[in-house]
Amino acid sequence: MDFKKILIAVDASENARRAVEYTGEIVGNAKGFEIMLLHIARPPERDTFPDEQVWEAKRLEMMAKIMDFFKEARHILESMGVANESISERYVESTGPSISHQILAEQEACGFGTVVVGRRGVSKEEEFLFGSVSNRVVHYAKKCTVWVVE
């Protein structure tokens, strides 16, 4: 694994923004780094929409929000000295069981040596009931460094 290849898992939250900023502060003007912004999207449940057209509109709205976040994150990284050509984005729609496992599958498939995730700061009760993507990434990660940014 190449530790100069950094995967930042984002979800358009303030915590994801902090993860991007932290990465920019660490990497800054250093040469040889490659950064991918990754979003694993869960399409909305079809059962909760009256028809396919309304569902598709919501799905596209969610995608647009992430695309806007990608632009903001790219701007943050560039303003901190990361070269434009060193930054890429990947949007993955998933119906898989675990976002954390998909993040790690991307990490392994692309040879990222560093994974950066924001931590939501959920209560212990919420974490027990619903789990935490950042905790699962830390727990299941192999052959890579994980930065959890709060």
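A residue counts as buried here when its relative accessible area is under 20%. Keep that cut-off handy as you click around this predicted model.

Start by selecting Arg 74. You'll find this arginine in helix 2, which covers residues 52-79. Is Arg 74 buried or exposed? Its relative accessible area is 18%, so Arg 74 is buried. Now show what surrounds the residue: leaving aside residues up to four places away in sequence, Arg 74 touches Leu 37, Asn 84, Ile 87, Ser 88 and Glu 89.

Next, colour strand 2 (residues 34-41) and strand 3 (residues 87-93). These two strands run parallel, with seven bridges joining them. Then trace the chain: it goes from strand 2 through helix 2 to strand 3, making a right-handed β-α-β crossover.

Last stop: the cysteines. A disulfide needs two cysteine sulfur atoms within 2.5 Å. The closest cysteine sulfur to that of Cys 110 belongs to Cys 144 and sits 13 Å away, so the gap is too far for a bond. Seen from the other end, Cys 144 has the sulfur of Cys 110 as its nearest cysteine sulfur, and Cys 144 is in no disulfide.

Cys 110 has 30% relative accessibility and counts as partly exposed, whereas Cys 144, at 17%, counts as buried.

Conventions:
Residues are numbered from 1 along each chain as its sequence is written. This is a predicted model: local features need pLDDT of at least 70, side-chain atom pairs count only at pLDDT 80 or more; totals for chains, interfaces and linings use all residues. Side-chain values use heavy atoms; hydrogens and water are left out. Buried means under 20% relative accessible area, exposed over 50%, partly exposed in between (1.4 Å probe, protein chains only). Helices (H or I, at least four residues) and strands (E, at least two) are DSSP runs, numbered from the N terminus. Contact means heavy atoms within 4.5 Å. Two strands pair if DSSP finds at least two bridges between them. A crossover is right-handed if, with the strands pointing away from the viewer, the path from the first strand over the helix to the second runs clockwise.
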